[in-house]
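Student: Please take one part of this model and look at it closely. I would like a single connected account.

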Amino acid sequence: MLHNHHILDVDRAMPVTGDQQLLKQLNRMALVRQVSIQPGLSRAALADVLQLTKSTVSMLARELVDEGWLAESELLVTGEVGRRATPLHLAPDRLALLGAELGVDEARVVATNLLGEVLDTRIVSYEDAADPASCLRLVALALVRLARRLGRAAGAGTQARRVLGVGLGLHGAVDEARGVLRHAPHLGWRDVDVAGQVQLHFAGSPLAGLPLYMQNEANVAALGEFEFTDQASTDPLIYLSIGYGVGAGVLVNDRLLTGLHGFAGEVGHAILQADGPPCSCGRRGCADALIGLGSLLGKERPSHAALERLFARVADGERTTCAAVAAAGHQLGILLNNLWAGFDPMAIVIGGPALQLGDALIAPARAVLAQYADAALLTAPAIRTSHFGAQAVAVGAAALVRYRVTRPLDVQSIERRAGRPLAAARMADGVVMPA
Ligand SMILES: [Zn+2]
């Protein structure tokens, strides 16, 4: 990707063509990504790793430090006499990413720094969950308030932060290029122009014109694990989200797999049991119908309160509920095996509200997976639980911003598919465009 770097020592006073601007952007963001993977790299080491000239790296690093992406730590004296290297790392205190989860019962907004450390988080209650316009308005206004708070220095020793962009995690199939939520079964929303409505509420606010990205909730949660945790080099990575339904976010070779229609990872409708219980999709024996919390609620209507009652029954060791959860855990083990066979992942991360069932659900799943691994004389992938817990989707939505902004070619190809820019101001990550 970086083979064109030698033409990039551009005199900034000269008119710059679109291609050169993109190439510079690629190199800037390659630098940011490398520093995020290997904090503490010096300029010389970066030039080596990225195969850029030292003067290009120096110029880009100076800009990125000025703009708040990178920070320098104190000088390290290396073994060679007279050679000193300044370690670079992502700056934790100058920029912010905003994320929101539009959940089924309520929404959550967060602000994180570049490293995914949560700076602020709020819960947004819906007025009417059946009305997407009112929900989107409340979430957009909560994001604007968050941006305003970040824009004010919080007191001695802190400074105002600049917001890089906004990410949204939606519980349904998302057409990211067009900014449309195609179908959210548990909310009953269909073909909602999320980007259009949210941008309307951003007009005249600090968020107007900033990049706005959106993805399915399991996809953004996968990105949260991928971008923001110590296991950032886990690839392929699968995030399995278990709530009322089941969904997966799949990252392979640094790419989020979205599929032809945005339905990739909808493993809730993978069939685990031929002629099993009926599923909301019309098939029988789907993972949703066997593992989803909706199936464990039985005849109760899905709601926050109903889930709390379910978790309480399990915590009390109520016999029939625990047996049902163990049966769901057994089916989860089968699903884990199938995901392992399908993607050969380094790790599968389990997240979502079902984590509150704890080992009642996870232990039987692990046991089933171990049996399959033994039978096949193979080592199963690592199974771990979500790093960000209840905030996984909102933090993941913030991670989506970092993921997209630091991969300008991907954004360009999404924009080409959509025939529209994903933001009014293309250079919102801080590049000053020559007139
Ligand atoms: Zn189904």
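Predicted model: local features only at pLDDT ≥ 70, side-chain atom pairs only at ≥ 80, totals over all residues.

Tutor: A helix here is a DSSP run of H or I, at least four residues long, numbered from the N terminus. Just after α9, Gly317 takes a positive phi of about 75°.

Now the helix itself. α9 has 12 residues. From its first C-alpha to its last it reaches 16 Å, close to the 16 Å expected at 1.5 Å a residue.

Which residues of α9 are buried? They are Leu307, Leu310 and Val314. These residues cover an arc of only 60° around the axis, so they sit on the same side of α9.

What does the buried side pack against? Its buried residues pack against α8 (293-296), α10 (319-343) and α11 (359-376).

Now set α9 in its context. The chain has 13 helices and 17 strands. Of its 435 residues, 43% count as buried. Among contacts with a separation of 6 or more, 62% join residues 24 or more positions apart.

The C-alpha atoms of Val32 and Thr406 are separated by 7.3 Å, though the two are 374 residues apart along the chain. Val32 is buried because 22 other C-beta atoms lie within 10 Å.

Notes. Residues numbered from 1 in each chain as written. Helix = DSSP H or I, 4+ residues; strand = E, 2+ residues; numbered from the N terminus. Buried ≥ 20, exposed ≤ 12 C-beta atoms within 10 Å, placed from the backbone. Contact = placed C-beta atoms within 7 Å. Expected span 1.5 Å × (residues − 1). Arc of directions from axis to C-beta.
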